[in-house]
Amino acid sequence: MTRTGALGARTWTSLVLLGFVGQLAWTVENMYLNVFVYDTITDDPNVIATMVAVSAVAATLATLLVGALSDRVGRRRVFIAAGYVLWGITTAAFGFLSPESVSGLVPAASAVVVAAVAVVALDAVMSLFGSGANDAAFQAWVTDSTEPANRGRVESVLAVMPLLSMLVVFGAFDGMTRAGQWRGFFVLVGAIIVVVGVVSWFLVRDRELTVRQEDGYLRSVVHGLRPSAVRENPGLYLALSAWTIWGISTQVFLPYLIIYLQRYLRIDGYAIVLAVVLLGASVVSVIGGRIVDRVGKVRFLLPAVAVYGTGLVLMAFARGMVPAILAGLVMMSGFMLVLTPIGALVRDYSPPDRAGHVQGLRMVFAILVPMLVGPFIGAAVIRGAAETYEELGVVKQVPSPLIFVAAAVVLLLILVPVTLLRRKETAA
C-alpha cells in the first residue's frame, strides 16, 4: 500500500465485497429477523428487545476475543474467511425455526416460548461468528490497510454498505418474506455469505503488523477497559462515547422501523420508501466522506448531528408515502453523516499495534451498550403509547411516532463528547 492516500484495486475490491456482504448479513439480523419473529412467533416487543440485547453481548465478546487474538498472531485473513463461512451456515439455520417446527417436541402451549428461546439462542451463535469475522477481523484489516488521509473516503464507502444491503434485501428478497417464504430467504442469504467467505481466502492479503506480546492474551482482551488506557488515549474514548450516544439513538427506532412503516403508517409500498431514502442517503454519504477529509472530522460532526436530529423530528410528523420519503432522506442522510467522521476518528486514534483490540472496544461502545439500552427505550415508548391494530381478529401492538422523538432526545447528549473533541483539537 502506498502512503499517499491511494488504495489499490485489490484493497478496494476486498473492502467493498466483504463490507457489503457483511452488512447484508447484519441487515437480515437487525431488521428482517425482527420481522420474522413478529410475523411467525410473537408480537411482544420485549422478545425483540431481548434478542437484540443477547446478540449484542455475544457480538461484543466475539469481537473482544477475536480482535485481541488477531493482533497477537498478526493475521486477519483466516479469521475473516472461516468466520464468514460459519456466519452463513448459522444464518441459513433460521429458516428451519418456527413454532410449528418445535411443536412436535414440546406441548403446543409451550411451542411459542420454545421457538422464541431457540431463535434468541441461534441469533447469539450467529452473532459470535459474524462479529468475529466482520467486526473484529475485517474491521481491523481495514484499519491496517488505510491511513488518516484516506479514511474519510473509506468510512463513507463502508457507511453506505448498510444502506445498499438494505436496498438489495428489500429489492431482491422482500417478496419472499412478504409471501412467508422464510426458509428460502434465510438459506439463500446464508449461501451468499458462505461463498464470499471462501472467496475472501483468495482475495484478502494480510498487512505487515507490529505484533505486541508483552501482555498475556486475557490481559490484552481487557486492556482497553482499564482506566490507564482511557488516560493514555482520551481522543479515542471521546470518539467512542459519541458513537455510543449515536448508537443508542438509532437503536430506539431502527429495530421497529419496518414494522412502523408497514403497520402504523400503513404504507404498502414501504420498500419504495426505503429504496428512495437509502439511495439518496448513500449519495450524500459518499459526497460527505470527501468533505470530511477536506474540512476535518471533528468540525464536520456538529452539522451532521444537526441534520440527523432534524430528520428524526420530521419522521415523527411524517404521514403518507411522500412525507415519509422526504423526512427519511433527511434522517438517514444525517445518520450516515454522523457515522462517517466518528468511524474515521476511532481509526485515527487507534494504537497501531492494537487495531484488532480497538474493534472490541468499538463493539462495547457502539454495539453492546446501544443495543442493550436503545431497543428497551423503544419498547417502553411503544408500550406507553399503546397504539394497536387488529389483524384477523387479533389485536397487536404497533410502534408509534414517539420512537423518533425519544431518539432525538437521546441524540442531544452527543453534544458533550463532540464539544470535548473540538476543545482537544483546538488545544493541539
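Me: Hi! Which side chains do R362 and D135 bring together, and in what kind of contact?
Reply: Hello! The side chains of R362 and D135 form a salt bridge, at 3.3 Å from N to O. Keep in mind that this is a predicted model.

Me: Where do those two sit in the chain?
Reply: R362 belongs to helix α15 (residues 355–385) and D135 to helix α5. They are 227 residues apart, so this pair links distant parts of the chain.

Me: And are R362 and D135 buried or exposed?
Reply: Both R362 and D135 are buried.

Me: Nice. How many salt bridges are there in total?
Reply: The count comes to three salt bridges.

Me: OK, what does R76 pair with?
Reply: R76 makes a salt bridge with D144, and their closest N and O atoms are 2.8 Å apart. R76 lies in the loop between α2 (45–73) and α3 (77–93), while D144 is in helix α5 (residues 111–145), so the pair ties together parts that are 68 residues apart in sequence.

Me: Why does R76 count as buried?
Reply: Because its relative accessibility is 2%, and buried means under 20%.

Me: What about D144, buried or exposed?
Reply: D144 counts as buried too, at 15% relative accessibility.

Me: Got it. What's the salt bridge partner of K297?
Reply: That would be D348: the two side chains meet in a salt bridge, 2.9 Å from N to O. D348 is in helix α14 (residues 321–348) and K297 in helix α13 (residues 297–317), so this pair ties together parts 51 residues apart in sequence.

Me: How accessible is each of them?
Reply: D348 is partly exposed, with a relative accessible area of 28%. K297 is buried, and its relative accessible area is 12%.

Me: Changing topic: what is the secondary structure of the protein?
Reply: It comes to 17 helices and two strands.

Me: How much of the protein counts as buried?
Reply: 59% of the 428 residues of the protein count as buried.

Me: Last one: among contacts with a separation of 6 or more, what share comes from residues 24 or more positions apart?
Reply: Those residues account for 85% of such contacts in the protein.

Technical notes. Residues are numbered from 1 along each chain as its sequence is written. This is a predicted model: local features need pLDDT of at least 70, side-chain atom pairs count only at pLDDT 80 or more; totals for chains, interfaces and linings use all residues. Side-chain values use heavy atoms; hydrogens and water are left out. A salt bridge is a side-chain nitrogen of Lys or Arg within 4 Å of a carboxyl oxygen of Asp or Glu. Helices (H or I, at least four residues) and strands (E, at least two) are DSSP runs, numbered from the N terminus. Buried means under 20% relative accessible area, exposed over 50%, partly exposed in between (1.4 Å probe, protein chains only). Contact means heavy atoms within 4.5 Å.
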